[in-house]
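Welcome, and thank you for taking a look at this structure. Please have the sequence and the 3D view side by side, and we will walk through them together.

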Amino acid sequence: MLYFSKLRVFSVLIFTLIISYFTISNFTNVDDEFFSKNIKLGLDLQGGSYLLLEIDNEPVITQRLQSKVLEFKKFFKDKDIKVRNFVIEDKSIIFDVENSKIEDVKSLLDDDKSEINPYFQQYKSHQFNFENMDTSFKLEFSDYGLVLLKNSSLDQAIEIVRRRVDEVGTNEPNILKRGNDRILVELPGLDDPGRIKSLLGKTANLTFQFISSSSEESFGTEKLSFEDGSSEAIVSKRIVLSGDNLMDAKPTMNNQTNETVVSFSLDRVGAKKFGKATSNGVGKRLAIVLDGKIISAPEVREPIIGGNGQISGNFTFQSATDLALLLRSGALPAPLNIIEERTVGPDLGKDSINAGIMSLIIGFILVVAFMFYKYRFFGLIANLALISNLFLLVGILTLFEATLTLPGIAGIILTVGMAVDANVLIFERIKEELKNENNSIVAFDSGYTKSRTTILDANITTLIAAVILFFMGSGPIKGFSITLGVGILTTLFSVYFIARLITAYYVIKNKHKEKLI
Amino acid sequence: MKTIYFNKFYKSFNILSGILIIASIVFLVFKGLNFGVDFKGGTLIELRTDKSSANITKIRDSFNQMNLGDVSVKNFGNETDFVVKFEKQNSNDPKFIEEIKTKLSNSIGNVDFRRVENVGPKVSAELLRSGVIAIALSLAAMLLYIWIRFEWQFSLGAILALFHDVIITLGVFSVFSLEINLSIVAAVLTIVGYSMNDTVVIFDRVRENLRKYADVKIFELTNISINETLSRTIITSVTTLLALLSIFIFGGEILKGFSLAMILGVIFGTYSSIYIANPVLVSLKVSQRTIVKEEKE
């Protein structure tokens, strides 16, 4: 165990130096991107906001079922099968089929290549599961159908969330999927997430609907309240135009009224629709509805043909800017709920870094002093191993751009405390061996050999705990498991390569000396 | 070094541990744990006041007027820093925190919200579940590992020692109503790793000595092994405790509970490696045949 080939010595040195370089690169400024890597600080250290959003998929499911009903009606009509009494109830579609065609409908729904109940060939599961009782059919989303629906609404939502966050212009936001109905938003440096939260909390479904004068409308009517809660109005359910047709929106000043408004421009289809509706509706009031609330309902004085318009509604400049931003980035497929929020102010983060570094330095000094007191020269070797261990640990974290959190710093300090264990095991074993062995080289060699399995066992148990933490923990705790786990690996390296190398060199030089350790 | 007869006290310390475990379980069942926002849901605000005139009572009074459910206010490190926890959580209302801040400033003057945590009921239930799973999983993984590496008698001893450490540490948290949050779960897992580490070192030596001395009874043999590894046990515990004490004292308020749990765990872990794990080997009558038989198979 004490023999090292020249090549090995060389590679240990080179490896240690390269990794240690990245530790130092945290404190230097180099222009090159690869060589100027910095350790990433977690939100708890640099300050910032962590938001976990969950999509409320209920409305999406209902919507999808509604459009599926239309599809069914058309499909069966083309096949010349009479179906009736479509109902959407409890997230399922129920309908009746004429007696003679029951078997036909069954086979149409159950066919592997079914057009109306697809996915089977790709996923070995249909979009819908169905039950049949006499003439009645009941269709429900299959598990797979539901997963696909959730995934597609998550994909859409994450895109919209990204646009909204980007528009606000925060510093390097991090937006990630979590499961199939959650979105994680990390906003470094943001200490007041109020504005982002209010932007993400709005679905931003914009529609233009005429205020109804009579209650007999062919499309039906609904009662909506005004945004400010002042009053209510009866509105036609017919949607003149929706936010989908919007090309751009920005806050402007209306020169005549001296009011802040949001001006918008429409795409070609939208401009045409809007032109037609406003020409027919001169004199009527057109309600501008956002997420089921009326923002304002101005009277149409003349047809609006160019595809440009304005939304007024007692805006401040800020609220007009936000509405324009929401309209530009598009509507979410479903409402988002914020189910977890953690915000750390920048000065608390700074305090945490300082406290962490302070305790690291003090813990380090205490351990180093204790080891020197206990083992003298070999204590120095263990301490050298400890220092290189720290450099390796921080270097590897930097190289892989791992995120350092406050518990992560605690993990580094804990590594300092526990890392000397391996050297202690070895030194104690060597002491025992020296009692019965006069040749110190043999004693040192068997001390290393005999302690090896113990050291491996002892470190593997801690590594198991770290791995489980990594997979089960989140955020800051994950940071702890990373430093603890990587710390064990660098500990083993520094003990078995660096400390052993120095020990070997020293013992071979001083093999005749009494009482080596 | 002089031999210390640890084995003389196996019985008395086992009784003591038994009492501590029962007491811990009684406290855990009847008093329960003081779960933080992570596991109970609700809102946590760490705030710093402008001047020292703001005291706990004043802050509690103004929060109580806001209709936020159960409110708890604690001093947090400095005398100007406080942590406020309450049941209500409403992340969907973007003005929720802002309004609290305005109302608070009106009654006690300028405040700075240094940290806000808002956890919904669904998330807190999930976090609690995954915390429990993580601890159970790590115990199972340790059991499995030690079973592969040693014989079943050893793995039983090690696992009993682990349960002992985890239960008593949680018991202390229950007695003193210390807060259980995500970082405590991390601490408990690390304790599991550390306690195992300590036990494994002694067990390795027991196994080695079983091969060496055929005619020494396990009762004596465990004592020899404990003594042979004792200086390592002490040195490692001391360095680990030095590191942990440094976190506890200088690492800031946020890491206090975390490092305290770990300090307790290291102390119990070191104790249980000697006084729980070894007596189990004795009462299971482990002998040279136990390991020779296994090795033949």
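How many residues lie between strand 7 of chain A and strand 8 of chain A in the hairpin that they form? There are three residues between them, and Gly179(A) in the turn has a positive phi of about 65°. Before going further, a word on what you are viewing: this is a predicted model, in which local features need pLDDT of at least 70 and side-chain atom pairs count only at pLDDT 80 or more, while totals for chains, interfaces and linings use all residues. Residues are numbered from 1 along each chain as its sequence is written, and chains are lettered from A and ligands numbered from 1 in the order in which they are written.

Strand 7 covers residues 174-178 of chain A and is joined to strand 8 of chain A by five bridges, the two running antiparallel; strands pair when DSSP finds at least two bridges between them. Here Lys177(A) stands opposite Ile183(A) in strand 8 of chain A. Strand 8 of chain A (residues 182-188) also pairs with strand 2 of chain A (residues 48-55). That pairing is antiparallel too, over seven bridges, and in it Leu52(A) stands opposite Leu184(A). Strand 8 of chain A is mostly covered, with six of its seven residues buried. A residue is called buried if 20 or more other C-beta atoms lie within 10 Å of its own, exposed if 12 or fewer, and partly exposed in between, with C-beta atoms placed from the backbone.

Chain A is more spread out than a compact globule, because its radius of gyration is 35 Å, well over the 24 Å that the globule rule gives for 517 residues. That radius is taken over C-alpha atoms, and the rule is 2.2 Å times the number of residues to the power 0.38. The C-alpha trace of chain A spans about 110 × 70 × 35 Å along its principal axes, and 42% of the 517 residues are buried.

Which residues of helix 8 of chain A are buried? They are Gly270(A), Ala271(A), Phe274(A), Ala277(A) and Thr278(A). An α-helix has 3.6 residues a turn, so residues three or four places apart point the same way. Strands 12 (241-242), 13 (246-254) and 14 (259-266) of chain A are among the elements that cover the buried residues of helix 8 of chain A. On the other side of this helix, Arg268(A), Val269(A) and Asn280(A) are exposed.

Next, turn to the place where the chains meet. Here 57 residues of chain A are in contact with 56 residues of chain B, contact being C-beta atoms, placed from the backbone, within 7 Å. Helix 10 of chain A gives the most to the side of chain A that touches chain B, with 14 residues. Strand 18 of chain A (336-344) is one of the elements giving two or more residues to that side. Strand 18 of chain A is also joined by five bridges to strand 5 of chain B (residues 111-119), in an antiparallel arrangement, with Asn118(B) as the bridge partner of Glu341(A).

Chain B itself has 11 helices and six strands. Its radius of gyration is 24 Å, well over the 19 Å from the globule rule for 297 residues, so chain B is likewise more spread out than a compact globule. Buried residues make up 50% of the 297 residues in chain B.

One last stop is a loop of chain B. Asn67(B) lies in the loop between helix 3 (56-64) and strand 3 (71-76) of chain B, and its phi is near 65°, a positive value in a residue other than glycine. Asn67(B) is exposed, with 9 other C-beta atoms within 10 Å.

Notes:
Two residues are in contact if their C-beta atoms, placed from the backbone, lie within 7 Å. Helices (H or I, at least four residues) and strands (E, at least two) are DSSP runs, numbered from the N terminus.
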